[in-house]
Amino acid sequence: MTRIKTAILTATVTAALTGGAFAANTMVGGAEMSPDKNIVENAVNSADHTTLVEAVKAAGLAETLMGPGPFTVFAPTNAAFAKLPPEAVADLLKPENKETLATVLKCHVVAADAMSPAIGKMIMDDGGAHPVPTLGGCTLTASINPDNNALQLTDENGSVATVTIPDVDQSNGVIHVIDTVMTPRM
């Protein structure tokens, strides 16, 4: 009986010290996101982010987002891109619009590793709205929706995105999945 108790205690302590070795990684777009992989390595596996991955490649940003970071990426889903006029996405993906596409995409990237509790604290410290300067030169406004406690972002044009999957840990930062494409003031 003592051996059984010792084995159970050892297994419990080992699990506690390994920080949830038995916990599953976050699922995004039907794929398990590994915190040991970088943002691009994980995003290419998400069925919900094929448009974003195509756009990142077309804009020449894949290498950057595979770099050391840290980055926080607010990652719009395919459904978010589908809210835009169809010709807008096709037009942005044209080689002659590479610079504009890069600007739009960089308006979804922050040079920090910001998990949602930290963002929430900044929002509360700033009285309910926190400015989020992006690598694209635009500023998003982070807030909390009082109806459902969800983290939201508002772009410079007034479009509002809700974070649908927060805190997807990456080796070079974090992804927060959003339901709307953020655009810079143009």
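How much accessible surface does the chain have, and what share of it belongs to carbon and sulfur atoms? The accessible surface is about 10000 Å² (Shrake-Rupley method, 1.4 Å probe), and 59% of it belongs to carbon and sulfur atoms. Please keep in mind that this is a predicted model, where local features need pLDDT of at least 70, side-chain atom pairs count only at pLDDT 80 or more, and totals for chains, interfaces and linings use all residues. Residues are numbered from 1 along each chain as its sequence is written, and side-chain values use heavy atoms, with hydrogens and water left out.

**The chain as a whole**
- The chain contains eight helices and nine strands, taken as DSSP runs (H or I, at least four residues, for helices; E, at least two, for strands) numbered from the N terminus.
- Of the 186 residues in the chain, 40% are buried, meaning under 20% relative accessible area with a 1.4 Å probe, protein chains only.
- Among contacts (heavy atoms within 4.5 Å) with a separation of 6 or more, 59% join residues 24 or more positions apart.

**The largest pocket**
- About 220 Å³ of space lies in the largest pocket; a pocket is an open set of points on a 1 Å grid over the protein atoms alone, with protein on both sides within 12 Å along at least five of seven lines, and lining residues have an atom within 4 Å of a point.
- Of the 21 residues that line this pocket, the closest to its centre are Ile 39, Val 56, Leu 61, Leu 65 and Val 73.
- Helix 3 gives the largest share of the lining, four residues.

Notes. 1 Å grid on protein atoms, 1.4 Å probe; cavity = no way out; pocket = protein on both sides within 12 Å on 5 of 7 lines; lining within 4 Å. Points joined across faces, edges and corners; volume = space filled by probe spheres on them. Buried < 20%, exposed > 50% of the residue type's maximum accessible area, 1.4 Å probe, protein only.
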